[in-house]
Amino acid sequence: MGGTNPAVKGSRSAPTGAVHFAHQSEAEFAKILDFYGIRWEYEPRAFPLRWDDEGRATESFNPDFYLPDLDLYIELTTLKQSLVTKKNRKLRRLRELYPGVHVKIFYGRDFRQLLLKYGRESAAAL
Amino acid sequence: MRSDIREILLDREQIAVRVRELAAEISRDYAGRNPLFVSVLKGAVYFLTDLSRAVEMPLEIDFMAITRYGSARAQSGVVRLIKDLDVEITGRDVLLVEDIIDTGLTAGYLIRLLQARSPSTLRICTLLDRPYRRILETLEIGYRGFEIPDRFVVGYGLDYREQYRHLPFIGVLKDEVLREAASAADA
């Protein structure tokens with residue numbers, strides 16, 4: 001299977017409260033986007049990264065958010081370093097396979113500092 | 001207060017020199033046009049004050065204030081104006097003067113708001129540009145003082161919990177100050 005046709009997992013443009021987020025940091029990020037009037041979709045697409053001999057995807061990358069007006073995917077990661085390394089590898093692979101797709105990754109420290117800037121210390125401690 | 005600062009990123013003299021350079025550039029670009037400098041309370045006040053005094057041409061200044069995400073006044077869940085401009089900007093040359101552009105979300109909101117009022121021109125002048133976390137990557141910055149690394153900076157108008165704005169330099173806040181605040185909020 002080629003690597004230029006990401007599967008559509010399901011767009012879930014909806015009020016923040018109607019979406020079930022995998023992590024509290026994602027819910028907080030959605031609130032920030034809502035605050036500034038930025039439209040978003042939560043995990044709308046899975047990008048296959050590797051396939052088996054029969055063409056079935058064996059590895060994929062599901063960015064947390066898609067911002068349609070900016071044509072930008074955003075991945076938040078608050079994971080420990082070993083898992084961040086794995087995620088970075090997947091991100092590099094995604095950029096190789098889908099060069100037209102814009103993805104930005106927010107690491108845990110980035111996101112915590114963003115929340116601190118907004119005075120959201122309790123959320124930053126999550 | 002200064003003991004909370006890990007290092008001085010930009011000292012008073014560096015800021016002053018760069019502000020004068022920006023002012024000279026703006027004076028050339030806007031000569032004879034009586035631009036309106038618009039600033040957002042409170043972070044950009046120090047920068048606007050120094051910049052406008054270094055510009056050698058007639059100009060006007062005005063201020064806006066908006067709710068900040070996470071603040072007590074932002075409970076509605078969407079950004080809103082607390083103070084609007086006092087003057088009409090239709091047909092004017094408007095320069096939005098910012099202290100820092102980080103994600104670009106605040107500046108993007110302000111640009112949309114001001115653009116809807118049909119100014120003749122609308123550009124951004126920011127003292128600090130921290131592009132590392134930029135979400136609005138299409139945001140055009142007309143004048144940029146300094147590009148800074150991904151550090152938590154305070155001083156020269158920039159605050160943390162409303163403190164440090166009055167420092168005459170831009171410094172990096174110590175991690176332990178942030179950690180203590182986070183721990184206190186979590187307790």
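The legends below describe several close-up views of a predicted model.

Residues are numbered from 1 along each chain as its sequence is written, while chains are lettered from A and ligands numbered from 1 in the order in which they are written. Because the model is predicted, local features need pLDDT of at least 70 and side-chain atom pairs count only at pLDDT 80 or more, whereas totals for chains, interfaces and linings use all residues; side-chain values use heavy atoms, with hydrogens and water left out.

**View 1. The interface of chain A and chain B.** In this view, 27 residues of chain A are in contact with 32 residues of chain B, where contact means heavy atoms within 4.5 Å. The two chains bury about 2,700 Å² between them, 60% of it on carbon and sulfur atoms; buried area is the accessible area (1.4 Å probe) that two parts lose on being put together, summed over both. Three salt bridges are found across the interface, a salt bridge being a side-chain nitrogen of Lys or Arg within 4 Å of a carboxyl oxygen of Asp or Glu. In a salt bridge of 3.4 Å, N to O, the side chain of Asp150(B) meets that of Arg109(A). On the side of chain A that touches chain B, two or more residues come from each of α1 (24–35), β6 (72–76), β7 (103–106), α3 (108–117) and α4 (121–124) of chain A; helices (H or I, at least four residues) and strands (E, at least two) are DSSP runs, numbered from the N terminus. By class, this side has 15 nonpolar, three polar and nine charged residues, where Ala, Val, Leu, Ile, Met, Phe, Trp, Tyr, Cys and Pro count as nonpolar, Asp, Glu, Lys and Arg as charged, and the others, Gly among them, as polar.

**View 2. The second largest cavity.** With a volume of about 30 Å³, the second largest cavity is lined by residues of both chains, including Arg109(A), Gln113(A), Arg6(B) and Asp175(B). On a 1 Å grid over the protein atoms alone, a cavity is a set of points where a 1.4 Å probe fits but cannot get out, and a pocket is an open set with protein on both sides within 12 Å along at least five of seven lines; lining residues have an atom within 4 Å of a point. Grid points are joined across faces, edges and corners, and a volume is the space filled by probe spheres set on the points. The lining comprises three nonpolar, one polar and four charged residues.

View 3. The largest pocket holds about 850 Å³ of space, and of the 35 residues that line it, Leu41(B), Lys42(B), Arg68(B), Asp159(B) and Arg165(B) are the closest to its centre. The peptide bond from Leu41(B) to Lys42(B) is cis, with omega near 5°, and Lys42(B) lies in the loop between β2 (36–40) and α2 (45–54) of chain B.

**View 4. Two salt bridges within single chains.** Asp69(A) and Arg39(A) form a salt bridge in which the closest N and O atoms are 2.8 Å apart. Asp69(A) lies in the loop between β5 (65–67) and β6 of chain A and Arg39(A) in the loop between α1 and β2 (41–42) of chain A, so the pair ties together parts 30 residues apart in sequence. In chain B, Arg18(B) and Glu21(B) meet in a salt bridge of 2.8 Å, N to O; being three residues apart in helix α1 (residues 12–29) of chain B, they are separated by about one helical turn.
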